[in-house]
Structures are given as structure tokens and as C-alpha cells.
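Please look through the sequence and the model below before reading on.

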Amino acid sequence: MTTWGLILETTVGLGERKHTEAYVMAHVEGPRETALAELEKRARAYSPEHPRSPKRRRLFRSGDGFLLVIDGAWQSHATRFAVAELMDDTDRPPPAKAVGAEPASEGARRVPAREPKPVTPTLPTVTMERDEDGVPVKPAWLGRTDLA
């Protein structure tokens with residue numbers, strides 16, 4: 001049975017430290033259509049950290065997945081969702097031996113397959129105290145030693 005990875009690609013960080021990271025949200029076994037249906041469900045329910053005040057949300061279907069574009073007050077943020085067939089995984093557990101299976105010949109060497117572990121994407125979050133209007137009580141730059 002085919003194993004599909006549900007992949008999320010998003011931009012994290014701010015300013016010059018902004019970069020794209022990919023996360024494996026889950027694995028789905030079965031036909032590609034089943035994996036795409038699960039991916040669509042997750043893409044529709046996904047709520048990214050940025051923008052904090054979304055103005056418009058658009059979900060596009062592409063060949064292997066979806067593209068979520070959220071327009072914020074100052075800029076748009078995009079997240080790509082893709083379905084990809086799992087070809088190899090170094091962290092799979094060995095398969096269970098079938099009853100009555102013949103042992104492998106000494107010359108043949110087999111790499112044990114392992115079951116993929118589900119990974120939930122964790123994006124870095126910054127917690128700070130805010131007043132009733134949502135404005136930080138202590139500015140982020142306060143206490144930095146690299147400012148003169």
C-alpha cells in the first residue's frame with residue numbers, strides 16, 4: 001500500500017531572518033485521492049500565525065496540493081500544502097514477520113522498513129504580556145544589548 005506524506009511549506013521568521021520551512025503534517029496510506037482529500041481538509045482548517053489580522057483568505061488547488069494565500073494589513077502570506085509519495089524513511093520500524101515466511105538468504109541483505117511517525121508542525125511562538133487592546137506591555141526591543 002502506498003504511503004503519502006502531507007507536506008506544509010510556510011515562511012517563518014521576520015525581516016532578514018525570514019525563510020521557508022517544510023513540515024510533514026501526517027502520513028496517509030491508500031490511494032492518492034484519499035491523501036488529497038485529507039490534505040484539503042487540513043488546508044481549509046489551517047490557521048497560520050501571520051497575518052494576525054487577515055483581510056482576505058484564498059485557497060487554490062494545484063497539481064499536487066493547495067496554495068493558501070492570506071492577505072494581511074501590510075502584506076500577503078502564502079502557505080503551500082502538497083501530497084508526496086513516501087519513497088524512503090530511515091526512521092521506519094521493521095515490518096512484522098509473516099507466519100511461515102522463509103528466512104532471507106545469507107547473501108541478500110535487506111534494510112528494515114519502519115512505520116513513519118506522525119509529525120505535527122510546531123512554529124516558533126513568542127509569548128508576551130499584552131494589554132486589553134492587544135498592544136505589548138513591554139516593547140520587543142526593550143532590554144536588547146545590541147542597540148546603542
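The text below goes from the chain as a whole to its sheet and then to its salt bridges.

This is a predicted model, in which local features need pLDDT of at least 70 and side-chain atom pairs count only at pLDDT 80 or more, while totals for chains, interfaces and linings use all residues. Residues are numbered from 1 along each chain as its sequence is written, and side-chain values use heavy atoms, with hydrogens and water left out.

**The chain as a whole**

The chain contains 1 helix and 5 strands, where helices (H or I, at least four residues) and strands (E, at least two) are DSSP runs numbered from the N terminus. Along the sequence these elements come in the pattern β-β-α-β-β-β. Of the 148 residues, 23% count as buried; buried means under 20% relative accessible area, exposed means over 50%, and partly exposed lies in between, with a 1.4 Å probe and protein chains only. The accessible surface of the chain comes to about 11,500 Å², and 53% of this belongs to carbon and sulfur atoms; such areas come from the Shrake-Rupley method with a 1.4 Å probe, and for residues only the protein chains shown count as cover. Among contacts (heavy atoms within 4.5 Å) between residues at least 6 apart in sequence, 45% join residues at least 24 apart.

The 5 strands form an open sheet in the order 2-1-5-4-3, with antiparallel pairing, and two strands are said to pair if DSSP finds at least two bridges between them. Strand 2 (19-29) and strand 3 (56-62) are the edge strands, each of which pairs on one side only.

Strand 1 (residues 3-12) is joined to strand 2 by 10 bridges, and in this pairing Leu8 stands opposite Tyr23. Strand 1 is also joined by 7 bridges to strand 5 (residues 76-85), where Ile7 stands opposite Ala82. Strand 5 is in turn joined by 7 bridges to strand 4 (residues 65-71), with Phe66 standing opposite Phe81 in strand 5, and a hairpin of 4 residues leads from strand 4 to strand 5. In a regular strand the side chains alternate between the two faces of the sheet.

**Salt bridges**

Side chains of opposite charge can pair when their charged atoms come close. A salt bridge here is a side-chain nitrogen of Lys or Arg within 4 Å of a carboxyl oxygen of Asp or Glu, and by this rule the count comes to 6.

Lys41 is exposed at 54% relative accessible area, whereas Glu38 counts as partly exposed at 21%. Glu40 and Arg44 also both lie in helix 1, 4 residues apart, about one turn of the helix, and Arg44 counts as exposed at 56% relative accessibility. Salt bridges that share partners join Glu38, Lys41 and Arg42 into one network.
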